[in-house]
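The sequence and structure are shown first.

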Amino acid sequence: MRTRTWRSAVAAAGLVLVVAGCGAGGDDDEGGAAQTQAAAEQSEQATEPGQEGEQSADGPDTSDIPDPVAEVNGTEISRDEFLSVFENQYQQMSMQAQMSGQPVDEAQLKELTTDGLIGTELLTQEAGKRGIEVSDEEIQAELAVFAERNQVSTDEFVEAMGGQGLDRDAVLDQIDKQLRVQKLIIDEYGEFEATDAEVQAAYEQVAQQQAMSGGGAAGGGGLPPLEQVRGQVEEQVRAEQEAGAMEELSQKLRADADVTVHI
């Protein structure tokens, strides 16, 4: 359970991925555009003016978050950076909690968010040490992919990310960081491939989860046939493999790093 949640925190540290994931895979007419806008609106509503990230009575308590939250080999992880990730994850987990009936464990989420940010910073620093670079063309191409997945233009995507506290330069910086980490993982482990067995298992897991939530019968009821969504399932399996590799490498790097946590 901890590993899976940690992976979510790592993904959240690349904030662009969080919003992109909201719209990815949607086939309805409203699709990602509506969900991207909803994510931005939720972020705007989460913070009351003048409270510097502290939530309303219905949100998490962030009054005890220090600045900086942590230091990684001399690089600070700021309170603002932490809050951007934490609040986004809290919103997503709150929606899950409404279905499960279990409240969000704020203390655990704070710890996992911190771990995820530290892990991402360690990976980014390692990519720099290895001389891994990303071109402007690669960044713009990735931005276009995110926008397409959410069924919006690149300008609309960046505007929606403004609700997460990111202007255009910050969005491009996040994409740059994400691509560097992805290249680092490939440099360390090689390309990831999803086997037929892994794809089948992932598909069946989704079907089972849907059945448990009342969305369909176990074995695929309510889901499109596997062959119709195989590409999406393969992408998800590879993402899980990449997340596991990120965790493994970041833990190795942390063993020799100078990390101070203030939260």
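## Aromatic pairs in helix α4

F86 and Y90 both lie in helix α4 (residues 79–100), four residues apart, and therefore have about one helical turn between them. The model is predicted. The rings of F86 and Y90 have a centre-to-centre distance of 6.3 Å and an angle of 35 degrees between their planes. Stacked pairs need planes under 30 degrees apart and edge-to-face pairs over 60, and the F86–Y90 pair is classed as tilted. Both F86 and Y90 are buried.

F86 and Y90 also belong to a cluster, joined through ring pairs, that includes F82. Over the whole structure, the search returns three aromatic pairs.

## The F146–F157 pair

Another of the pairs is formed by F146 and F157: the ring centres are 6.0 Å apart and the planes meet at 20 degrees, so this pair counts as stacked. F146 sits in helix α6 and F157 in helix α7 (residues 154–161), so the pair links distant parts of the chain, 11 residues apart.

How accessible is F146? Its relative accessible area is 0%, and F146 is therefore buried. For F157 the relative accessible area is 0% as well, which makes F157 buried.

## Packing of α6 against α8

Two packed helices are described by the angle between their axes and the distance between the axes. For helix α6 (residues 136–149) and helix α8 (residues 168–189), the angle is about 105 degrees and the axes are 9 Å apart. Because angles of 65 to 115 degrees count as roughly perpendicular, α6 and α8 are roughly perpendicular to each other.

On the α6 side, the contact is made by E138, I139, Q140, E142, L143 and F146.

## The chain as a whole

The chain contains 10 helices and three strands. Read from the N terminus, the order of elements is α-α-α-β-β-α-α-α-α-α-α-α-β.

Of the 263 residues in the chain, 41% are buried. The accessible surface of the chain is about 13,800 Å², and carbon and sulfur atoms hold 45% of that surface. Among contacts in the chain with a separation of 6 or more, 74% are between residues 24 or more positions apart.

Technical notes. Residues are numbered from 1 along each chain as its sequence is written. This is a predicted model: local features need pLDDT of at least 70, side-chain atom pairs count only at pLDDT 80 or more; totals for chains, interfaces and linings use all residues. Side-chain values use heavy atoms; hydrogens and water are left out. Axes are lines fitted to C-alpha atoms, for helices over the stretch in contact, and angles run from 0 to 180 degrees between N-to-C directions. Helices (H or I, at least four residues) and strands (E, at least two) are DSSP runs, numbered from the N terminus. Angles under 35 degrees count as roughly parallel, over 145 as roughly antiparallel, 65 to 115 as roughly perpendicular and the rest as oblique. Contact means heavy atoms within 4.5 Å. Rings of Phe, Tyr and Trp (its six-membered ring) pair if their centres lie within 6.5 Å; planes under 30 degrees apart count as stacked, over 60 as edge-to-face and the rest as tilted. Buried means under 20% relative accessible area, exposed over 50%, partly exposed in between (1.4 Å probe, protein chains only). Accessible areas come from the Shrake-Rupley method with a 1.4 Å probe; for residues, only the protein chains shown count as cover.
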